[in-house]
Structure formats: structure tokens, C-alpha cells
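Please look over the sequence and the structure shown below. A short report follows, arranged by topic.

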Amino acid sequence: MQTRAAVLWEPNTDWKVEDIELDPPKAGEVMLKLVGSGLCHSDDHLVTGDMVMPPEVQAELGIQQFPIIGGHEGAGEVIEVGPGVDNLEVGDHVVLGFIPSCGRCPSCAKGKQNLCDLGAYLLAGRQVTDFTARHHHKETGQDLGIMCCIGTFGEYTTVAEASCIKIDKDIPLDKAALVGCGVTTGWGSANYAAKVQAGETVVVIGNGGIGMNAIQGAKMAGAGMIVAVDTNDKKHEMAEKFGATHTVGSVEEALPMVMELTQGVMADKVIVTIGVGSGSIIQDAMALTTKGGTCVHTSVAPIAETEVSLNLFELTLSEKSLVGSIFGSANPRRDIPRLLSMYQNGQLMLDELITNTYDLDDINVGYDAMRSGDNIRGMVMYDHS
């Protein structure tokens, strides 16, 4: 079928909306009509070149990362089912998990679906079923990659069943799309990676789409004080709405504030959710962390980032933990339905996350708003009328 999608032809260029040809699903795949897509910072890492695989890796995998259809936070309706798909049928509503889960690899087997072996192919841009393409540029016929094996910056997409999580049909798909990445990642960073407990002091550094959900995740876990740190003053009021008890404009300002609030004990948990991860912030984040406390690094850093500022003497003598987290250390097939149930019960805020919506043709406008800090979460919405 013919449809449209936002394609990135090479780093350091704008997204370009193109006519594409979409193949029907093959074995183990489904075709979806998407309601829309969140504009997550991770896709912008493709634009800036932070998430570009080295040429030798692309050569080893036998793929070209670009051109690629972006988007990895979406939801939609199944409109066609390929052979061998047993758990989905036409008309089902699904959220797309940005990491597919096979259910059989060692990570899936021990309940760590967010670390599924299929995640190794997130940037390869091909179907994880057979590593070929279903998306093609209409004018040239060139194969197009898809971000995180799903490519939600398109009105329709063909994906592996392993990326689909079935949800109840009475849940609004535009809100459900948000749990495909940002909500689950932030909420899980607080509840699973940091293991926030009732009464604890929590610091969240970076208050974008993921940070806001780390804040509300910490609040739902019963945190006593939640300090939201962001250089953009416009986000402070929103952080308070999601559960922050205190706001501050920088890590440097947060240090004396947390010291005073805790009488020198410092924060039990620190969660780093800045837009672009950097090793230079780690020592400051660890300085905010109490003895025996945990610092969670959820931010995506450039692939080539290897230098970290960290006082190893302090790390050992204070028994602090520094842990990484992807997809909020969650199990998407269990946690996405649970989060949506909490939304239906009025416990989880989703509507408030969407700052602005855009037509697909205005996707670059939406990303400009993200970079300037005007959006907590912008969304591209598709008109199927």
C-alpha cells in the first residue's frame, strides 16, 4: 500500500515527509494503522548523530542505517495479520514496545523483557523476523529503515508481533501511545531501577517526557520529598503538578538544597533523565546521593561517549550504586497494560503530558519545540478520515 512517513536521509538534516510503499506482513508480522507518535528525544539522537552506528558495524551487519523512518512511541489498530501470528487479529488495538520481546531468550526467560536479545537490532532498521525491509521510498524504490524496528513516524507500518502489546479497545490510543516509551521508561526508572520506597528523598535531574514520569513514579511509590532539577524554568510548574515538592534550576543549586532538606544525609535515590547523557554529570549526581543510596542513569548518551567523572574512593567507602536503566527496567508485556489500567483508574497522569500535537508535515516544528523546552511531550497525529 502507499502511505506517508517522516524519513531522515542522513544525520544533521531535517525529517522529510515522503510517499512510501509499505509491504504486507510476512510470517510473524502485522500491519498497523497508527493513531500517532510521540516525539521522543531518542529520535533526535539520530538527527544529531549521537545514535549513529559506526560504519564498520553497519558493514558487519550488512545494513545501511540511513535512510530511516523515525519514531518509536506509538499505538494503533491491527489491519492485517501475517502467517503464524497467533495472539493478534484484525481490529485489535496495540501499543508498540520500542524493544521487541521474544519471550525465549535468557533475558526474557528471567523476566527482563527490556533486555531481550532482539534489542541488539534496534538501530539496524529492519524487520527482526528476517532482517529485510517492508518500507520503501516510492519514487526510488530504495529500502527504508525503521527506528527501533517499528518506525512510528508513518501513518501505517508493518512490524513484528514481538513489538506489539495488545490493550483494551476502550483506552484512547493517543494516550496509550505514550506508554510505548516515555511513561514506562520514567515510571520504571523510579519504581524498578531506583526502587523508590515510601518516605525517601528523590532527585530527578532533567524534567522532560521521561523525567516527568520519573517524578510521578516516585510520587506513586510514596517518596517523601521529590526535588526536580531542570535548567528550563518553564518546566518547574509542570514538575510540581506531577509530584515534585521542590524545584531548582541546576545540579549546583540542588546540592545545598538537598543538603539542607535532608540535614546532610542527601537523597536516597537520584535519577538522571537529561536529554543527552554526559559523563561529566555523574559525579555531581553521585554527590547528591546518600551513603548506600542509588543513582540511576536513564539518559541516552552519544554512542562514542566513554569518559565518566566519578570519584571511585567515594563510591567504595560510601557504598553507593550507579546503575543504568533502559525502558525503565520494566517488563513491557506486563507493565504497559498495568500502567494503562492505572490511567483508567485515575492514578496515572497521561493527558497532562501532551503539550502540543502536530500534523506529520509539521514534525520538524514539533522537534524545535522539544529542543527549546516548550514541550513536555509533543505528538504527531495522523488523520485517517
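## A covered strand

How many of the five residues of strand S9 (residues 156-160) are buried? Five of the five are buried, and S9 is mostly covered. Here buried means under 20% relative accessible area, exposed means over 50%, and partly exposed is in between, with a 1.4 Å probe and protein chains only. Helices (H or I, at least four residues) and strands (E, at least two) are DSSP runs, numbered from the N terminus.

This is a predicted model, in which local features need pLDDT of at least 70, side-chain atom pairs count only at pLDDT 80 or more, and totals for chains, interfaces and linings use all residues. Residues are numbered from 1 along each chain as its sequence is written, and side-chain values use heavy atoms, with hydrogens and water left out.

## Strand pairing

Strand S3 (residues 29-38) runs antiparallel to S9, and five bridges join them. Two strands pair if DSSP finds at least two bridges between them. Within this pairing, Leu 32 stands opposite Thr 157 in S9.

Five strands close into a barrel in the order S1-S2-S7-S8-S4, with mixed pairing. S2 and strand S7 (residues 135-137) are antiparallel and joined by three bridges, and Ile 20 is opposite His 137 in S7.

## The loop with Pro 11

Pro 11 lies in the loop between strand S1 (2-8) and strand S2 (16-22). With a relative accessible area of 26%, Pro 11 is partly exposed. Apart from neighbours within four places in sequence, Pro 11 is in contact (heavy atoms within 4.5 Å) with Leu 46, Val 47, Gly 49, Val 52 and Phe 66. From Pro 11 to His 137 there are 126 residues in sequence and 18 Å in space, C-alpha to C-alpha.

Phe 66 is joined to Pro 67 by a cis peptide bond, with omega near 0°. Pro 67 is in the loop between helix H2 (55-61) and strand S4 (68-69).

Helix H5 (residues 182-193) is mostly covered, with ten of its twelve residues buried. Among the buried residues are Trp 187, Ala 190 and Ala 193. Their cover includes H6, strand S14 (267-272) and helix H11 (332-344). Just after H5, Lys 195 has a positive phi of about 55°.

The axes of helix H6 (residues 209-220) and helix H7 (residues 234-242) come within 8 Å and cross at roughly 30°. H6 is therefore roughly parallel to H7; angles under 35 degrees count as roughly parallel, over 145 as roughly antiparallel, 65 to 115 as roughly perpendicular and the rest as oblique. On the H6 side the contact is made by Met 212, Ile 215, Gln 216 and Lys 219, and on the H7 side by Lys 235, Met 238, Ala 239 and Phe 242.

## Single residues

Thr 201 is in strand S11 (residues 201-205). Thr 201 counts as buried because its relative accessibility is 8%. Leaving aside neighbours within four places in sequence, the contacts of Thr 201 include Met 225 and Asp 268.

Cys 148 is in the loop between strand S8 (143-146) and S9, and has a phi near 55°, a positive value in a residue other than glycine. Is Cys 148 buried or exposed? Cys 148 is buried, with a relative accessible area of 5%. Gln 263 also has a positive phi, near 55°, and is in the loop between helix H8 (251-261) and S14. Gln 263 is exposed, with a relative accessible area of 76%.

Definitions and conventions. Axes are lines fitted to C-alpha atoms, for helices over the stretch in contact, and angles run from 0 to 180 degrees between N-to-C directions.
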